[in-house]
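Hello,

Here is the structure you asked to take over. Please open it first, then read my notes below.

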Amino acid sequence: MTVSKSIPTELLDTLLSDYQKPEDLIGENGLLKQLTKALVERALEAEMTEHLGHAKHEAVTNPSGNARNGKSRKNLKGDFGELQLEIPRDRHGSFEPQIVAKHQTRWTGFDDKIISLYARGLTVREIQSHLEELYGTEVSPSLISSVTDAVADEVKAWQSRPLEPVYPIVYLDCIHVKVRDTGAVRVKAVYLAIGINLNGEKEVLGLWIAQTEGAKFWLQVVTELKNRGVQDIFIACVDGLKGFPEAIETVYPQTAVQLCIVHLVRNSLNYVGWKMRKRIADDLKRIYQSATVAEAEQQLVEFEAQWNGDYPSIAQIWRRNWSRIIPFFDYPPEIRRIIYTTNAIESVNMSLRKITKNRGSFPNDEALSKLFYLALMNISKKWTMPLHDWKAALNRFSIQFDDRMPNH
C-alpha cells in the first residue's frame, strides 16, 4: 500500500506567508495555480531526464546523442481556468510526456464536466457561459461539439448491446421533439422501450427516432429487440401506437398488448384544469382498481353520470379503447400494480422533457440521440433497487406464465 507523504508544516507556512484573502490562494493568479504550474513543469523536466538519461546541464550520455532542445508553450484548460505550461523538447522529437500528453489541451476530467453539463440539457452557449463563470476559461463551440461527438460511438454500442432473454413487462413511450431535417424543422417522435427484467429492475432497452409511422417502423423495432437476444415479452404496455400490435404479433406472437393505464389517465387529465385533477384522477382510479370487468364497467357508468356534463371527452376515450383496457382485469393485483407503475414511465418522461424545453430544435437526429442517451444514463443511475413488492409479482408471473418462465 502506498503511503502519502505529508507536506512539511514549515513549507506550508512559507508558501502562505503572504496570504491575506482567498484570491491569494484560489484566484486567477493565486498560489494554487502557481503551484500547479511549477509542479507540472518540474515533473515534465523529471520525465525528460528519465527519457534522455541525463539531467539538465549535464553531459549527454545516451548513445544517440539526443539532448534538450528548448521548450514549447501549451495552454491547458481545467478547473483552475487556463494554465500556460512550458513543455521541454528534445532534438529528436521522441519525447512523449506522460503527465501532459502530446496534443492534450484539457486536464483529465474536464471533458467529463462538459459532457455532464450537456447531459443536463444545457445548450452549447450555456455550457460556455458556465465554464467561463466557474473556471475563468473560454471554451469554443467546436470544442464542446467535439467532446460530445465522442459519445456517438457509445450510443451505437449501447443501442446494439445484448439484452436479457425475457422481460415480463416492456413499456413503450413516445416524446415529440423538434428536429431540423432537410432545411426545415419537423416534429419527430422519439420512442423509448423500458423493460422490467426478471430481477424487477428497470432498464432502457433502446431509443428510436421514427422516420415513418405504422407497422413497418414497429416491425424494425421489435425485430431489433429479437436480434439483441430478447426471446419473450409477457406484456407490452403501449399508448395506442399505430401498427404496434400487428408488428409484435409477428415477432412475439404470445405477447399480450395492453393499453397503458398510465398513458390513459394522463391523456384523460389533459382535459381537466389543475383544480379538478385530483378529483377526476381519484374517480378514474375506481375504474382501473376494480376487481372485475363488470365492476369496472359499472364504475365507468358512474363516472359518466358524474362528469359527462363537464368533461365528455374523458369517458369517450375509455369507451373507445375499452376492448384494449379490459385485459388488465385478467391479471391478479400483484401484476396489475406492476403494469400501473408511474415511476417506470413518468419520471423518465419528465426528465427528458425538462432537458429539451430550453431548446428550440435539434440540428439533426444524431444530436438528439446523443443528448437523450446521456440523459438516460443519468436517469438510470438512480435505478438501484428492484420495483416495490417485486417478489410477490414474480410469483404471480411464474403462475400466470408458467410454461414461458425460465428457471430463475
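Predicted model: local features only at pLDDT ≥ 70, side-chain atom pairs only at ≥ 80, totals over all residues.

**Helix H11**

In H11, the buried residues include Ile280, Asp283, Leu284, Ile287 and Tyr288. Viewed down the axis of H11, the buried residues fall within an arc of 145 degrees, so they line one face of the helix.

H11 has 12 residues, 277-288. At 1.5 Å a residue it should span 16 Å, and its end C-alpha atoms are 17 Å apart, which agrees.

**Strands E3, E4 and E5**

E4 pairs with both E3 and E5. Take E3 first. Strand E3 (residues 166-181) and strand E4 (residues 184-196) run antiparallel, paired over 13 bridges. Val170 stands opposite Gly195 in E4. The two strands, E3 and E4, form a hairpin with two residues between them. Thr182 sits in that turn, with a positive phi of about 50 degrees.

Now E5. E4 and strand E5 (residues 202-209) are also antiparallel, over seven bridges. Here Ile194 stands opposite Val204 in E5. E4 and E5 form a hairpin as well, with five residues between them. In this turn, Gly200 has a positive phi of about 80 degrees.

**Arg228**

Where is Arg228? In the loop between helix H8 (215-227) and strand E6 (232-238). Is Arg228 buried or exposed? Its relative accessible area is 8%, under the 20% cut-off, so Arg228 counts as buried.

A polar atom of the Arg228 side chain lies 2.9 Å from the backbone oxygen of Leu205. Leaving aside residues up to four places away in sequence, Arg228 touches Trp158, Gln159, Ser160, Arg161, Pro162, Leu163, Leu205 and Trp208.

**The chain as a whole**

The secondary structure comes to 18 helices and seven strands. The chain has 408 residues, and 44% of them count as buried. Among contacts with a separation of 6 or more, 62% join residues 24 or more positions apart. The chain exposes about 22600 Å², and carbon and sulfur atoms supply 51% of that.

Over to you.

Methods:
Residues numbered from 1 in each chain as written. Heavy atoms only, no water. Helix = DSSP H or I, 4+ residues; strand = E, 2+ residues; numbered from the N terminus. Expected span 1.5 Å × (residues − 1). Buried < 20%, exposed > 50% of the residue type's maximum accessible area, 1.4 Å probe, protein only. Arc of directions from axis to C-beta. Contact = heavy atoms within 4.5 Å. Areas by Shrake-Rupley, 256 points an atom, 1.4 Å probe, with all protein chains shown as cover. Polar contact = N/O pair within 3.5 Å; in protein donor to acceptor, adjacent residues only side chain to side chain. Pairing = 2+ DSSP bridges.
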